[in-house]
Amino acid sequence: MPTTEEEGQLKVSRRTGPSSSAAEHNHVVEFEVKLTETTRKAEYLVKRLEEVGNVLGDIGLSFIKVAKFEDEDGLRCGQYTESGSACKAIAADSRRIGMAAVRLSRLNRTATVQTAIQLSQLHDYLALLPSVRSALRERDNARVTVATIGLDLEEKKKRTAQLEEQSSKACQNPLYIFILATASSLPPVFGGDKNRTRKITELQSSITSLEAAQQSSTAEYERVKARNFSELARYKAEKTDDFMGMM
């Protein structure tokens, strides 16, 4: 079953933007809940079939014992007496009912085994679903990584553009030109331009690293997504065939 931590991660991923994997994850979680309930009912059905088979077998053996008792009682009463004839008739009916019940019990056991074999696929798919959720979570995490790097890159580019704009405006300021001309005789307080240049250089270096990281994370996301699509397509096709086969 999905955990609270997984549900929390799903909510976080939703805040970063729309995701097809989020819808697929919800579908898988919903299917897992329904499949868990169906599996319980299947186990109950198999158990009840086993009980019915056992009861039919017990009934059959009981009637066969009654038939044997009536045969013995008929012999004591006399084969050609009225009581003996009645015992013989009861014994024949009891034996016929008993044998029919035993045959039904055997048929029921065969049906129970076949039912259990078919319904065992429910357990197989229930055991597979955590892996499906894990694959979808991996894809969603890769998408969140790409989105996070993209937001950080956009923010740094915006900050760099602002600093460059400030630097450009300062260069056109007559006071700045005068300060630059007399910079050798000014105290360090007028060194703000150097700090701005250093910040721009640092931001440009970060942008270069983020662009490389974005390219790498995007390639990883596309790889995970392609594998997800392939595996999910195979899973859905096999599930459809197996579930139709159970019918």
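## Second largest pocket

Helix α5 contributes the most residues to the lining of the second largest pocket, namely 6. The model is a predicted one, and the volume of this pocket comes to about 190 Å³. Both α3 and α5 supply at least two residues of the lining.

The residues that line the pocket are L128, S131, V132, A135, L136, N228, E231, L232, R234, Y235 and E238. Helix α3 covers residues 82–171 and helix α5 covers residues 192–246. Two of the lining residues, V132 and Y235, are also among the residues with the most contacts inside the largest nonpolar core.

## Largest nonpolar core

The largest nonpolar core is made up of 13 residues. Within this core, the residues with the most contacts are L35, L129, V132 and Y235. Helices α2, α3 and α5 each provide at least two of the core residues. The largest contribution is that of α3, with 6 residues.

L35 can be followed through its contacts. Leaving aside residues up to four places away in sequence, L35 touches L122, Y125, L126, L129 and F243. One of these partners, L129, is itself listed with L35 among the core residues with the most contacts.

## Around D73

D73 lies in helix α2, which spans residues 20–77. The side chain of D73 makes a polar contact of 3.0 Å with the side chain of R76.

D73 can also be placed relative to G84. These two residues are separated by 11 positions in sequence, and their C-alpha atoms are 7.5 Å apart in space.

## Chain as a whole

The protein chain contains 5 helices and 0 strands. Read from the N terminus, its elements follow the order α-α-α-α-α. Among contacts in the chain with a separation of 6 or more, 88% are between residues 24 or more positions apart.

The chain has 247 residues, and 28% of them count as buried.

How values were computed. Residues numbered from 1 in each chain as written. Predicted model: local features only at pLDDT ≥ 70, side-chain atom pairs only at ≥ 80, totals over all residues. Heavy atoms only, no water. Helix = DSSP H or I, 4+ residues; strand = E, 2+ residues; numbered from the N terminus. Polar contact = N/O pair within 3.5 Å; in protein donor to acceptor, adjacent residues only side chain to side chain. Buried < 20%, exposed > 50% of the residue type's maximum accessible area, 1.4 Å probe, protein only. Contact = heavy atoms within 4.5 Å. Core = buried A, V, L, I, M, F, W, Y, C linked by side-chain atoms within 4.5 Å. 1 Å grid on protein atoms, 1.4 Å probe; cavity = no way out; pocket = protein on both sides within 12 Å on 5 of 7 lines; lining within 4 Å. Points joined across faces, edges and corners; volume = space filled by probe spheres on them.
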